[in-house]
Amino acid sequence: MTQDQCKAAVLAIIADIAPDEDLSDIKPDVRLRDQIDLDSMDFLDIVMELRKRHGIEVPEAEYGQLASLDSCAEYLTPKFNALAAKS
Amino acid sequence: MNTRAHYDVAIIGAGVSGLAAGIRVAHFGRRVCIFERHNAPGGLNSFYSIGGRKFDVGLHAVTNYPRAGARPGPLIRLLRQLRIDRDQLGLCEQRQSRIAFGPRGEESLRFTNDFTVFEGEVARRFPAQIDGFRTLAQLVRGHRYSQEAPFVSAREVVRRHIGDRLLEEMLLCPLLMYGSAMENDMDFGQFALLFEAVLLEGFARPFDGVRPVLRVLLDRYREAGGERRMKCGVRSLVSEAGRAVALVLDSGEEVTADHVISSIGGPETAALVASASAPEPAGAAPQASVPVGRITFVETVSVLDRQPAELGWGDDTIVFFNDSDRLAYERPEAQVDPRSGVICIPNNFEYGPGRILPEGMLRVTCLANYDGWARLPEETYRADKRKWFEVVQRSARRFLPRVDEAKLAAATVATDMFTPRTVEKFTGHFSGAIYGSAVKNPGGVTPLANVYLCGTDQGMLGIVGAMLSGIAIANQHVLRKG
């Protein structure tokens with residue numbers, strides 16, 4: 001998986017969680033929270049959807065890694081690839 | 001033993017909070033079953049049929065109407081959590097509502113889903129109080145609900161900003177009426193939630209009332225994989241070492257579950273926990289008693305053969321009334337207190353062109369005394385209902401444009417009335433206490449480590465509060481624990 005594919009996977013999750021937000025203009029290097037209205041419950045849901053859809057675990061201490069799309073890609077792409085290598 | 005069905009999560013009660021909790025845990029793959037004693041879902045927000053007509057109970061309006069372009073409020077946030085699109089609810093906005101005080105409602109404050117209308121009304125009638133009122137509204141906007149916050153008297157906070165007793169009463173009236181289990185006051189946290197729900201965001205209703213809301217929740221729950229067993233109450237729990245290890249159903253059948261979420265009320269859950277047969281482990285704290293709520297209501301319903309607008313009742317969606325300058329929000333001595341109450345005219349929402357409810361409807365809700373209704377012989381009960389129906393209607397009509405008695409009688413094609421006894425019978429809430437116990441349990445914990453409380457007595461009220469409560473408890477006690 002590439003970083004772009006990873007970002008697309010995260011955006012797909014956000015689109016399902018917050019269908020009322022416009023995601024067409026999300027800047028990858030800016031915190032998601034500063035661009036769209038996501039609260040802590042929404043972030044918890046991103047984590048749980050990652051587990052449900054992709055089997056990826058994000059420990060609570062590392063939630064901060066999901067702040068922006070770029071940081072999501074940095075943090076999650078290796079996890080996606082490690083999982084793909086295992087299966 | 002091996003034949004007992006096992007669930008990750010068992011939910012007691014298919015009311016709005018139980019369904020919301022069920023959707024959350026089912027969506028994240030937990031095996032879940034909701035057990036409901038009644039044959040219809042909805043709990044305190046349900047419906048029934050008489051003579052081919054469907055009547056809603058509980059729900060006058062959905063609060064927290066999300067206006068386009070506003071920051072996502074509680075309703076949008078909870079719909080996100082449930083993965084439900086707001087359009088599925090088909091919410092239609094109110095026309096206008098009023099808080100009307102005095103023998104004929106001479107003191108009247110109008111409000112709509114545009115808060116500036118209400119602000120203007122306060123400025124017009126109470127010019128000396130408008131600055132204090134704005135400060136209070138700011139305080140409410142900035143308030144963050146917290147489970148740990150200690151009780152703060154809403155009346156004292158209001159009084160700090162509002163120096164006119166009449167305005168104080170008029171502000172508290174709709175919020176007490178729409179959600180306080182406590183007499184004559186409420187916690188400021190609750191006040192802030194209800195102020196936002198009723199006055200800042202406002203009312204809406206689906207064309208078909210509560211049923212489409214329940215339908216959306218039920219469909220979503222089923223689609224997420226949740227199971228549901230109706231006419232199948234939970235009679236007792238079996239506990240071992242401080243945990244519930246089995247649920248005994250009304251049929252005698254036993255099921256097991258890792259987590260139990262009870263939405264049946266605080267005192268009702270306490271009774272269920274007390275039913276757990278095994279003795280508590282040594283050193284366990286004695287269980288604090290949960291007082292049964294004292295606030296309950298009667299509601300009259302008149303079905304009309306024409307639109308209320310044809311009788312001159314086309315403006316008001318909801319009217320909170322009180323015939324003097326002091327509201328007595330408390331259990332009345334008599335069976336009913338007709339001096340104050342809530343009028344709801346479901347026809348007066350903006351359903352859009354060509355969408356007109358087939359019949360007119362007038363609902364009036366007044367405070368009632370459970371004991372006055374509970375143990376009457378059937379014949380007396382019916383006679384008292386007839387008597388109080390007339391009293392309630394006559395009282396409420398003082399706050400609406402005048403309509404000739406004979407004309408109204410001719411337009412009325414059916415009537416019905418529910419009492420605290422009806423509420424208790426169909427919802428199982430002790431004493432018909434619609435808003436539950438005056439003592440709330442925000443953390444939702446019980447003496448059994450894997451049994452949690454959601455719904456009315458967890459502390460969030462109304463249909464929006466109920467859904468938020470189910471979500472919060474499911475998140476906190478089931479999903480976060482992994």
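1. A quick word on terms before the cavity comes up: on a 1 Å grid over the protein atoms alone, a cavity is a set of points where a 1.4 Å probe fits but cannot get out, and lining residues have an atom within 4 Å of a point. This is a predicted model, where local features need pLDDT of at least 70 and side-chain atom pairs count only at pLDDT 80 or more, while totals for chains, interfaces and linings use all residues. Residues are numbered from 1 along each chain, chains are lettered from A as written, and side-chain values use heavy atoms, without hydrogens or water.

2. Now the interface. 13 residues of chain B are in contact with 15 of chain A (heavy atoms within 4.5 Å). The two chains bury about 1,500 Å² between them, 46% of it on carbon and sulfur atoms; that is accessible area lost on being put together, with a 1.4 Å probe, summed over both.

3. Salt bridges deserve a look here: the rule finds ten across the interface of chain B and chain A, taking a side-chain nitrogen of Lys or Arg within 4 Å of a carboxyl oxygen of Asp or Glu. One of them joins B:Arg83 to A:Glu49, at 2.7 Å from N to O. On the chain B side, α1 (16-27), α2 (74-82) and α14 (462-479) each give two or more residues (helices being DSSP runs of H or I, at least four residues). The largest share, four residues, comes from α2(B). By class, this side has four nonpolar, three polar and six charged residues.

4. Last, the second largest pocket, at about 1,400 Å³; a pocket is an open set with protein on both sides within 12 Å along at least five of seven lines. Of its 41 lining residues, the closest to the centre are B:Gly73, B:Pro74, B:Arg77, B:Arg144 and B:Glu196. Both chains take part: α2 (40-54) of chain A supplies at least two lining residues, as do α2, α4 (130-142), α7 (188-201) and α14 of chain B. α7(B) gives the most, six. The lining has 19 nonpolar, ten polar and twelve charged residues.

How values were computed
Nonpolar A, V, L, I, M, F, W, Y, C, P; charged D, E, K, R; others polar. Points joined across faces, edges and corners; volume = space filled by probe spheres on them.
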